[in-house]
Amino acid sequence: MTDTGRRDAPHHRNLTCVKEYGCKRPECMERNRAYQRNRYRRMGYGTWEPFVDAEPIRQHLLNLKAHGVSCAQVAEITGLYTATVAGFLYDLNASRPRKRRATREIAQKILAVTPDQGSPHLVDSCGTRRRLQALACLGWPMKALGPYIGVSPATVNRLTLQARVSRATAKAVERCYEQLRSQKPESHGITPSTARKARNRAEREGWLDPDWWEDYGRIDDPTFDPGNADRALNFHERARLRREEIIHLAWVGHAPEQIVDRMGGEISISTARQVVQEWRTGRKRDRKQVAA
């Protein structure tokens with residue numbers, strides 16, 4: 001008990017200990033005085049608005065809940081009581097109906113919480129979805145991928161519809177993708193008609209195959225827009241991609257003549273030799289000197 005006859009405050013991190021428990025700690029008293037000074041000053045200016053509408057908080061908490069973040073997790077992140085957070089969603093009891101207003105401080109704390117903070121085991125489903133769709137382009141029906149991923153066949157299609165998946169599931173899909181991307185489904189018991197249906201569906205939906213993602217990369221990047229990336233390239237972009245392809249083919253052991261053949265005659269033998277020479281020596285030719 002304190003010398004005021006009141007119970008000891010449960011904490012000393014806000015004004016509650018002074019207002020409701022009569023706390024006399026110097027730092028708590030100073031915090032209370034600072035609050036009152038600010039309050040009176042803003043009241044004098046006509047800008048004192050201690051409370052804000054709680055509806056944005058409620059909507060934010062509902063969104064967090066949809067992503068698997070509970071009120072208890074939000075409370076832990078913000079340093080608030082679970083009952084304080086839950087009070088924006090539910091009637092706690094007959095005498096404590098759902099909150100319609102909140103202090104700006106509490107509102108800012110709750111609105112700053114993101115789904116990633118509350119659910120570190122969940123990740124964006126972008127890469128998972130693109131890998132499953134890419135395998136469908138090869139003729140792999142979604143249901144057939146279940147055993148490779150370690151989930152029920154009916155679950156696979158749902159993974160492409162979710163905004164987030166567990167990190168373990170994302171890793172399992174990635175392993176499945178790397179295992180099957182270079183294999184024909186017909187070699188694994190998938191009938192030709194079933195494989196054809198999967199390919200037709202992928203074509204209708206506009207899904208992209210593993211080769212496309214191999215060329216462009218960024219399969220796990222949710223900010224990457226394949227539609228924009230697949231636009232017509234300008235001269236410099238085409239030249240850069242051809243150069244990268246030449247270097248890749250040289251790196252795996254192809255001679256310049258073979259590179260020209262592999263690229264369907266899109267480049268001349270002199271270009272292939274020049275790029276390979278620059279790659280091997282690490283020195284680019286001086287085009288001005290050549291022109292002179």
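Colleague: Of the contacts in the protein chain with a separation of 6 or more, what percentage joins residues 24 or more positions apart?

Modeller: The model is a predicted one. The protein chain contains 18 helices and 4 strands. Among its contacts with a separation of 6 or more, the share from residues 24 or more positions apart is 58%.

Colleague: What percentage of the residues in the protein chain is buried?

Modeller: The protein chain exposes about 18600 Å², and carbon and sulfur atoms supply 50% of that area. A residue counts as buried when its relative accessible area is under 20%. Of the 292 residues, the buried part is 34%.

Colleague: Which class describes the ring pair of Trp212 and Phe224?

Modeller: The count of aromatic pairs comes to 4. For Trp212 and Phe224 the ring centres lie 6.3 Å apart and the planes meet at 40°. Stacked requires planes under 30 degrees apart and edge-to-face requires over 60. The angle of 40° therefore makes this pair tilted.

Colleague: How many residues apart are Trp212 and Phe224?

Modeller: Trp212 belongs to helix H13, residues 210-216, whereas Phe224 lies in the loop between H13 and helix H14, residues 226-229. Both Trp212 and Phe224 are buried. The pair links distant parts of the chain, with a separation of 12 residues.

Colleague: Which class describes the pair of Trp213 and Phe224?

Modeller: Trp213 is buried, as is Phe224. Their ring centres are 6.1 Å apart, and because the planes stand at 65°, the pair is edge-to-face.

Colleague: Which residues do ring pairs link into a cluster?

Modeller: Trp213, in helix H13, and Phe224, in the loop between H13 and H14, are 11 residues apart and link distant parts of the chain. Together with the other tryptophan, ring pairs give a cluster of Trp212, Trp213 and Phe224.

Colleague: Over which ring does the charged end of Arg101 sit?

Modeller: The charged end of Lys99 sits over the ring of Phe88, 4.9 Å from the ring centre. For Arg101, the charged end is 4.3 Å from the centre of the ring it covers, that of Phe51.

Colleague: Which side chain of opposite charge is nearest to Arg98?

Modeller: Arg98 is placed in the loop between helix H5 (82-86) and strand E2 (101-103). Beyond neighbours within four places in sequence, its contacts include Arg58, Phe88, Tyr90 and Asp91. Arg98 is buried yet has no salt bridge; at 4.2 Å, the nearest side chain of opposite charge is Glu55.

Conventions: Residues are numbered from 1 along each chain as its sequence is written. This is a predicted model: local features need pLDDT of at least 70, side-chain atom pairs count only at pLDDT 80 or more; totals for chains, interfaces and linings use all residues. Side-chain values use heavy atoms; hydrogens and water are left out. Rings of Phe, Tyr and Trp (its six-membered ring) pair if their centres lie within 6.5 Å; planes under 30 degrees apart count as stacked, over 60 as edge-to-face and the rest as tilted. Helices (H or I, at least four residues) and strands (E, at least two) are DSSP runs, numbered from the N terminus. Buried means under 20% relative accessible area, exposed over 50%, partly exposed in between (1.4 Å probe, protein chains only). A charge sits over a ring if NZ of Lys or CZ of Arg is within 6 Å of the ring centre and within 35 degrees of the ring normal. Lys and Arg count as positive and Asp and Glu as negative; His and the chain ends are not counted. A salt bridge is a side-chain nitrogen of Lys or Arg within 4 Å of a carboxyl oxygen of Asp or Glu. Contact means heavy atoms within 4.5 Å. Accessible areas come from the Shrake-Rupley method with a 1.4 Å probe; for residues, only the protein chains shown count as cover.
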